[in-house]
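Q: Please take one chain of this model and examine it closely, from its overall make-up down to individual residues. Please then describe how it meets its partner.

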Amino acid sequence: MPEFLKEPLEASPPPGQRADPRQLAVRCRGLRKVYDGRVEAVRGLDLEIPQGECFGLLGPNGAGKTTTIEILEGLLRPTSGEVEVLGERWGRRDHELRQRLGISLQETRLSEKLTVRETIRLFRSFYRRGLDPDATLEMVSLGSKARAQVGKLSGGQRQRLAVACALVGDPDLLFLDEPTTGLDPQSRRQLWEVIRDFGKRGRTVLLTTHYMDEAERLCNRVAIIDRGEIIALGSPAELISSLGGEHVIEFAVQSKGSSMGEPNGREAPAPGALIPAIKELRSVRAARADGSGISLTVEKPHLAIPALLEALQAHGLEIARLATRHASLEDVFVNLTGRHLRDEGNGSN
Amino acid sequence: MDRANVFLVLLKEMREARKNRWFLLFALIFAGLTTALSLVGLSGLGTFGIAGFGRTTASLLNLVLLVVPLMGLFMGAFSIAGEREQGTLLTLLAQPVVPEEILLGKFLGLAGALLGTILLGFGLAAAVIAYYGGAAQIGEFLILVACTFVFGLVFLSLGFCLSVLSRRTATAVGLALLVWLGALFLSDLGLIGASVALQLTPRGTLWLSIVNPAQVFKLLVIDALQGNLEALGPGGIYAMEVFGRGLRPLLLLFLALWIVVPLIFSHFAFRRRGGA
């Protein structure tokens with residue numbers, strides 16, 4: 001190993017509250033990206049992210065999240081629109097700006113022939129100041145893999161190494177494009193802790209995800225993107241409360257007396273046919289058909305469920321399946337678009 | 001441009017080359033061929049009484065003409081297109097490194113790796129020759145080594161340029177093979193054919209031949225080893241008469257242009273295309 005890479009690298013000053021929420025970490029106006037003159041991936045997006053915030057771009061695959069984040073990262077040129085990152089525009093002092101950014105791409109590919117330690121040291125060397133490479137590896141639980149070749153790491157380990165490479169420059173603004181996709185639950189939680197710790201030091205995080213729970217747990221605010229446009233913006237709690245109720249009741253019905261697979265000769269009505277009546281029930285804020293069942297957004301489940309059972313009995317129906325849960329950002333998305341995030345295709349832009 | 005970043009990319013490239021199986025295979029083949037050729041060249045030593053280095057240097061020239069361009073072209077062709085295809089180029093571009101630093105670092109790293117291969121091959125050959133035939137005429141051998149490195153850089157630069165222009169590694173490698181065939185085989189035939197068909201003057205033949213870096217290299221090495229170009233016929237004699245002592249610097253300048261021009265072109269193409 002070359003001598004200069006063995007020398008201790010200059011560590012960052014002790015973490016402090018560097019963020020000034022009055023300053024914007026990211027600002028974009030009228031952002032638009034058209035591929036090949038035909039496919040409009042981003043359609044006039046406006047966004048303002050104050051410093052110190054953990055902001056999530058949430059949406060299904062193909063919604064335009066990656067295109068947006070890559071434009072903000074300075075890796076893609078927008079077709080039109082303005083972008084400012086940490087008060088700078090791309091194309092002026094890019095090198096200086098990149099010194100303050102940490103970027104983990106959707107599929108950060110690292111040279112498979114280098115070892116984990118060689119890789120993290122290489123990335124650290126690009127920055128004038130930053131974290132200790134070995135300590136950063138420990139942070140993402142890869143300390144024991146320091147001597148392993150990147151090509152021999154599992155998918156989850158590579159993903160964690162990619163995040164470590166984004167963190168090692170101790171950036172003011174961290175871009176994470178779907179950081180936990182493909183990770184096992186334990187690795188996801190580990191990575192969430194790393195991101196939370198980073199945010200606690202007053203740094204800004206912009207992440208994209210299609211995991212609702214991830215956005216809810218990590219982000220101060222989220223923008224839900226669909227087909228290149230922001231369709232909702234706010235804190236997870238605000239967006240969920242915009243549904244009018246914080247609880248969801250999901251149920252299916254069957255004719256009275258029949259059991260699953262044993263019809264008693266009378267067909268249960270289609271879910272859609274029941275909605276007008278159910279919508280009027282006590283504490284119900286919204287109702288929609290969801291596959292073979294019905295999904296209700298309710299304010300107080302303890303009031304709504306008895307009312308629901310009573311109404312079904314009056315129609316000669318009974319519950320075949322019933323579940324209650326807290327409303328999530330998924331419900332917000334479904335409410336706004338009529339589609340589930342998980343129904344979308346696998347393509348990504 | 002930050003020299004430290006260029007150096008970092010250079011080191012990364014050399015580390016990767018060291019662990020690359022294709023690269024190691026090339027190095028071994030080259031070393032094997034140079035050593036084998038040296039042994040064959042030395043087999044007539046007793047009969048003719050010719051010192052080892054002088055005799056084998058000439059035979060190594062043909063090997064260099066065939067193998068080194070292929071090595072340079074392949075190394076260059078795999079470089080940018082390979083990283084683009086694997087997605088590692090975009091990762092690199094997302095760091096505080098400017099495209100010029102990446103290009104120069106990668107080129108210099110590959111140049112270092114190429115030099116390593118050439119030195120390994122010639123080093124083994126030199127050891128064999130020195131053991132059996134002594135160290136006489138080693139100067140000529142060293143001239144061939146130096147010229148070979150410059151010659152390798154020409155094709156590395158061309159391969160690099162093809163790599164920047166190609167989205168896929170397979171395309172870059174395919175184009176590299178075409179360049180190799182064109183420079184090493186078709187140009188010789190084309191030169192002979194054109195000389196006969198167009199009844200070219202010695203001047204015309206000379207200028208036509210120095211368009212091809214392989215011919216320039218051949219002229220340079222033969223001139224350096226033999227002190228004249230009579231073996232190359234009227235074109236060679238004309239070159240000696242017209243340029244005299246200025247011929248070698250001129251030929252070196254041509255080779256340098258063949259290195260620099262594709263690199264400049266690569267720079268503009270890379271700025272335009274980026275990691276896509």
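A: Of the 349 residues in chain A, 51% are buried, where buried means under 20% relative accessible area, exposed means over 50%, and partly exposed lies in between (1.4 Å probe, protein chains only). The model is predicted, so local features need pLDDT of at least 70 and side-chain atom pairs count only at pLDDT 80 or more, while totals for chains, interfaces and linings use all residues. Residues are numbered from 1 along each chain as its sequence is written, chains are lettered from A and ligands numbered from 1 in the order in which they are written, and side-chain values use heavy atoms, with hydrogens and water left out.

Chain A contains 12 helices and 13 strands; these are DSSP runs numbered from the N terminus, helices being H or I with at least four residues and strands being E with at least two. Contact here means heavy atoms within 4.5 Å. Among the contacts of chain A that join residues at least 6 apart in sequence, 69% link residues at least 24 apart.

Strands are said to pair if DSSP finds at least two bridges between them. S10(A) is joined by five bridges to strand S12 (residues 293-298) of chain A, and the two run antiparallel. Within that pairing, A:Val248 has A:Thr297 of S12(A) as its bridge partner. S10(A) also pairs with strand S13 (residues 317-326) of chain A, again in the antiparallel sense, over nine bridges. There, A:Glu250 stands opposite A:Ala323 of S13(A). In a regular strand the side chains alternate between the two faces of the sheet.

A:Ser141, in the loop between helix H5 (133-139) and helix H6 (155-167) of chain A, has a positive phi of about 60° although it is not a glycine. A:Ser141 has a relative accessible area of 34%, so it is classed as partly exposed. A:Glu178 likewise is not a glycine and has a positive phi, of about 50°. A:Glu178 belongs to the loop between strand S6 (173-177) and helix H7 (185-200) of chain A. With 4% relative accessibility, A:Glu178 counts as buried.

Two side-chain polar contacts can be described next. A polar contact is a pair of N or O atoms within 3.5 Å; within protein, one must be able to donate a hydrogen and the other to accept it, and residues adjacent in sequence count only if both atoms are side-chain atoms. A:Asp170 sits in the loop between H6 and S6 of chain A and is buried, at 1% relative accessibility. The side chain of A:Asp170 makes a polar contact of 2.9 Å with that of A:Arg203. A:Arg221, for its part, is in strand S8 (residues 221-226) of chain A, and its side chain is joined to that of A:Glu53 by a polar contact of 3.0 Å. Leaving aside residues up to four places away in sequence, the residues that A:Arg221 touches include A:Glu48, A:Phe55, A:Leu233 and A:Pro236.

In chain B, 82% of the contacts with a separation of 6 or more are between residues 24 or more positions apart.

Where the chains meet, 25 residues of chain A are in contact with 23 residues of chain B. Together the two chains bury about 2,200 Å², 67% of it on carbon and sulfur atoms; this buried area is the accessible area (1.4 Å probe) that two parts lose on being put together, summed over both. One salt bridge is found across the interface of chain A and chain B, the criterion being a side-chain nitrogen of Lys or Arg within 4 Å of a carboxyl oxygen of Asp or Glu. The salt bridge links A:Glu118 with B:Arg15, whose closest N and O atoms are 3.8 Å apart. Five residue pairs are in polar contact between chain A and chain B, with both residues at pLDDT 80 or more. On the side of chain A that touches chain B, the elements giving two or more residues are helix H1 (3-6), helix H3 (94-98) and helix H4 (116-125) of chain A. H4(A) gives the most, with four residues. By class, that side of chain A has 12 nonpolar, seven polar and six charged residues; Ala, Val, Leu, Ile, Met, Phe, Trp, Tyr, Cys and Pro count as nonpolar, Asp, Glu, Lys and Arg as charged, and the others, Gly among them, as polar.
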